[in-house]
Amino acid sequence: MIVTGGRLIGHEIVTIYCHFSSLFENVCWYCVTTRNKGILDNLSKTSVPIVDRGSICKAADIVRSGGLVAFPTETVYGLGADASNDEAVASLFAVKERPSFNPLIVHVPRRNSLEDVARCDARSLSLADRFWPGPLTMVLPRSADSNVSWLASSGLDTVAVRMPDHSVALELLAKVNGPVVAPSANMSGSVSPTTAEHVQESLKWGVEMIIDGGPCRIGIESTVISLVDNVPCILRPGGISREVLEEEIGAIVSNKINGLSPLAPGMLESHYAPSRPVRINVTEVMPGEALLAFGPSQLASDSESLNLSPSGDLEEAASNLFSMLRRLDRAEFVAVAVMTIPESGIGRAINDRLRRAAATPLTP
Ligand code: TXA
Ligand code: MG
């Protein structure tokens, strides 16, 4: 029988989920740790295969039949599943150990597919015209006849939609010929992957293949904007800056209420976290720390250091951020010290990820 643990586990989760929806997380863990331990032990000894774009047709077949495949986008690698298939979506949450209250982004292959899943207005249509394909995710009211799984949107009556700007992603989405959910292809809370190898290091089971498209061009996730209310609101800064979006639709507010509470359900304070502590806005490097530098005037350090952009280019820094954090995330360092990054343009997205990487988790 050729079936992966992910699908089998996904099936069991869905079965149990129907009966104990409020216990979803615990049930996931029960499945993973108890019932399928034997499967997991075997699966963890092998790694998910990396394939080239010649396997896109096969990958589309896997997604259509309920499996999970990782694929490149211009921002980060995504873990794709059929958005209309509850079982596939449940297995995706389980594989990433993602909290079920954190909804997923629906990926579409063309601009016209937007109206299949969401209710649009003049603002969303003009943003799609101008910025798609590209690193912009729009949160919109769900369309009445949407076939997107309610698990995918965590039961919300809104849906996040994006059309990625990567030829492999677009070809895969066109071949699946239906909405595909794709969170970043990493364990929940850890650093997002920008190469196929990062995905292979992070996800050990439940994924059938990783399509290699080389390093991601932008290297930081899409900007998430909510257009549900009259005033548009940025829920997550990302690959397209607020200034550029404002040129198209006017004033946009930020994602904080009283500077504190995040509006996007997935914007947990501690996120994007390497295993070593991260110290930000440093003016000196402490003994035993690795240095993540930015710009031409690099701080002195007698330990290992990497520079996000020696010329001080924020786009270059964004594209290097996650891969350099991974390279410095080693037990021999007491922490990773990061120099100050300017809070403008894509620098806001970089600082958002760094602040979350530096935040102390609420639970161990
Ligand atoms: O660049 C990207 O967006 C990547 C690539 C793979 O496309 N995907 C990605 O997905 O970053 P993920 O799942 O890691 O982040 C999705 C974000 C989360 O912060 C989630 O809370 C928010 O989008 N989101 C999704 N649906 C939402 C909704 N209906 N309302 C508010 N926020 C939503
Ligand atoms: Mg993510």
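Let's start with a pair of helices: helix 11 (residues 314-328) and helix 12 (residues 347-358) pack at an angle of about 20°, their axes 9 Å apart. That makes helix 11 roughly parallel to helix 12, where angles under 35 degrees count as roughly parallel, over 145 as roughly antiparallel, 65 to 115 as roughly perpendicular and the rest as oblique. Axes here are lines fitted to C-alpha atoms, for helices over the stretch in contact, and angles run from 0 to 180 degrees between N-to-C directions. Helices (H or I, at least four residues) and strands (E, at least two) are DSSP runs, numbered from the N terminus.

Before going on, a word about what you're looking at. This is a predicted model, in which local features need pLDDT of at least 70 and side-chain atom pairs count only at pLDDT 80 or more, while totals for chains, interfaces and linings use all residues. Residues are numbered from 1 along each chain as its sequence is written, and chains are lettered from A and ligands numbered from 1 in the order in which they are written.

Back to our pair. The crossing of helix 11 and helix 12 is left-handed, meaning the near helix is turned anticlockwise from the far one by less than a right angle (clockwise would be right-handed). On the helix 11 side you'll find Leu 314, Ala 317, Ala 318, Leu 321 and Leu 325, and they meet Gly 347, Ala 349, Ile 350, Arg 353 and Ala 357 in helix 12. Two residues are in contact if their C-beta atoms, placed from the backbone, lie within 7 Å.

Helix 11 also lies across strand 14, strand 15 and strand 16, running at about 165° to strand 14. Those strands belong to an open sheet of four, in the order 13-16-14-15, with parallel pairing. Strand 13 (278-279) and strand 15 (305-307) stand at the edges with a single partner strand each, so one side of each has no neighbour in the sheet. Strands pair if DSSP finds at least two bridges between them. Strand 14 (residues 289-293) and strand 16 (residues 335-338) are joined in the parallel sense by four bridges, with Ala 290 opposite Val 336 in strand 16.

Now hop over to strand 3 (residues 78-82), where the pairing is antiparallel. Three bridges join strand 2 (residues 69-71) to strand 3, and the two form a hairpin with six residues between them. Val 69 has Gly 80 as its bridge partner in strand 3. Strand 3 also runs antiparallel to strand 7 (residues 180-181), joined by two bridges, and there Asp 82 is partnered with Val 180.

Just after helix 5, Glu 97 takes a positive phi of about 55°.

Last stop: the axes of helix 4 (residues 56-64) and helix 8 (residues 167-176) come within 9 Å and cross at roughly 50°. Helix 4 and helix 8 are therefore oblique to each other, and their crossing is right-handed.
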